[in-house]
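Please review the model shown here together with the briefing below it. The notes are arranged by topic for use alongside the coordinates.

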Amino acid sequence: MLIKQARDIPSSEITPESVYRQRRQLVKALLAGGALLAARPALALDRYTLDADEKRYPGPDWLQAQLRSAKAGQPISGEALTPYAHVTGHNNFYEFGLGKEDPKQKAQGFNTDPWKVEISGEVAKPGTYTLEDLLKPHALEERIYRLRCVEAWSMVIPWVGFPLADLIKRFEPTGNAKYVEFTTLQDPAQMPGQRSFFSTLDWPYVEGLRMDEAMHPLTILAVGVYGDALPPQNGAPLRLVVPWKYGFKSIKSIVRIRFTEQMPKVTWNQTAPNEYGFYANVNPKVDHPRWSQATERRLPSSLFSPNIIDTRMFNGYADQVAHLYSGMDLRKWF
Ligand SMILES: Nc1nc2c(c(=O)[nH]1)N[C@H]1C(S)=C(S)[C@@H](COP(=O)(O)O)O[C@H]1N2
Ligand SMILES: [Mo]
């Protein structure tokens with residue numbers, strides 16, 4: 001696996017402006033001649049060079065321009081990106097099986113375009129929208145975030161998305177909207193995990209946030225990763241990313257966003273309330289009843305090189321989010 005970021009390239013390798021301009025002229029000339037019309041234009045985020053055997057997910061044509069114009073994200077200093085192979089090959093997406101490699105194997109045929117999202121509940125402008133219409137007004141940006149699974153492994157992932165707050169404002173929640181509930185597609189014909197006799201979850205998968213958490217600038221809806229569209233195994237075509245909470249809050253393949261007055265009944269909390277709280281904030285001091293949350297395995301990790309690091313309060317985002325929970329007993333509201 002070889003991933004090179006533009007920032008790692010020494011300045012001597014960066015193309016001088018004049019050469020760049022000449023190249024642009026050349027590209028324009030070729031385009032005018034039709035020579036390059038079939039080729040996909042370079043993504044703004046095409047700085048990620050993947051191994052030849054890695055599959056890219058360009059996504060639908062209508063998403064291309066938005067992905068290409070996404071502005072690059074701020075790297076996390078001292079923390080390398082988790083390689084693409086792990087981000088797209090080690091997944092939790094129980095609709096496609098319980099194994100970490102199941103989603104990549106079983107979700108490749110998953111039909112994610114066209115896609116519809118219902119906006120409902122306590123909002124002035126409810127309705128069902130195509131994803132294309134839903135995304136149209138939003139400029140995409142890259143966000144490089146830690147993802148800490150409740151199972152005590154973690155990654156650093158370059159998502160492409162936009163603030164959930166910007167979407168929420170468009171639909172004008174009413175004064176009664178205290179929470180936002182998200183629902184994943186239910187389609188057993190496409191999702192083998194929803195047909196499985198061994199499944200322990202009630203479908204569809206549901207998650208939720210308090211309104212102030214949903215409006216927080218760190219909370220995004222992602223449509224891409226590593227500069228391209230989301231692969232199906234990562235929750236294409238639209239998933240939530242809440243970086244200071246355990247990964248299970250970051251619900252995949254969303255078909256409904258509903259504003260509610262009551263705290264939503266969310267999947268993992270309903271399944272095992274003593275193990276998974278509604279808030280699910282990353283907290284090294286509150287252990288899971290069956291294991292410690294004090295440390296985590298930062299992927300890639302192996303038996304001989306486990307790469308164990310300390311877990312940080314709110315997954316390292318305490319400066320930005322701790323105020324949301326001031327005065328709350330985080331042992332009770334885990
Ligand atoms: N619909 C749905 N969303 C889901 C899950 C799932 O099983 N179904 N798993 C969650 C868990 S436990 C984690 S850790 C993250 C994993 O995201 P990733 O596979 O993109 O790394 O997705 C979350 N979102
Ligand atoms: Mo997870």
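The briefing covers the protein chain, the ligand site and two residues.

This is a predicted model, in which local features need pLDDT of at least 70 and side-chain atom pairs count only at pLDDT 80 or more, whereas totals for chains, interfaces and linings use all residues. Residues are numbered from 1 along each chain as its sequence is written, chains are lettered from A and ligands numbered from 1 in the order in which they are written, and side-chain values use heavy atoms, with hydrogens and water left out.

**Protein chain**

- The protein chain has nine helices and 12 strands, taken as DSSP runs numbered from the N terminus (helices: H or I, at least four residues; strands: E, at least two).
- Of its 334 residues, 49% count as buried (buried: under 20% relative accessible area; exposed: over 50%; partly exposed: in between; 1.4 Å probe, protein chains only).
- Residues at least 24 apart in sequence account for 72% of the contacts between residues at least 6 apart, a contact being heavy atoms within 4.5 Å.
- The accessible surface of the protein chain is about 15,900 Å², and 54% of it belongs to carbon and sulfur atoms (Shrake-Rupley method, 1.4 Å probe; for residues, only the protein chains shown count as cover).

**Ligand 1**

- Ligand 1 is surrounded by 17 residues, the closest being Asn91, Tyr94, Glu95, Arg239 and Lys252 (a residue is near if one of its heavy atoms lies within 4 Å).
- An oxygen atom of ligand 1 lies 2.9 Å from a polar side-chain atom of Asn234.
- Taken alone, ligand 1 exposes 540 Å², of which the protein buries 98%.

**Glu207**

- Glu207 belongs to strand β6, residues 206-210, and is counted as buried because its relative accessibility is 0%.
- Its side chain makes a polar contact with that of Lys249 at 2.7 Å (a pair of N or O atoms within 3.5 Å; within protein, one must be able to donate a hydrogen and the other to accept it, and residues adjacent in sequence count only if both atoms are side-chain atoms).
- Leaving out residues up to four places away in sequence, Glu207 touches Val180, Glu181, Phe182, Phe248, Lys249, Ile251 and Val266.

**His216**

- His216 lies in the loop between α7 (211-214) and β7 (220-225), and its relative accessible area of 7% makes it buried.
- A polar side-chain atom of His216 is 3.0 Å from the backbone nitrogen of Leu218.
- Beyond neighbours within four places in sequence, His216 contacts Trp244, Gln320, Val321, His323 and Leu324.
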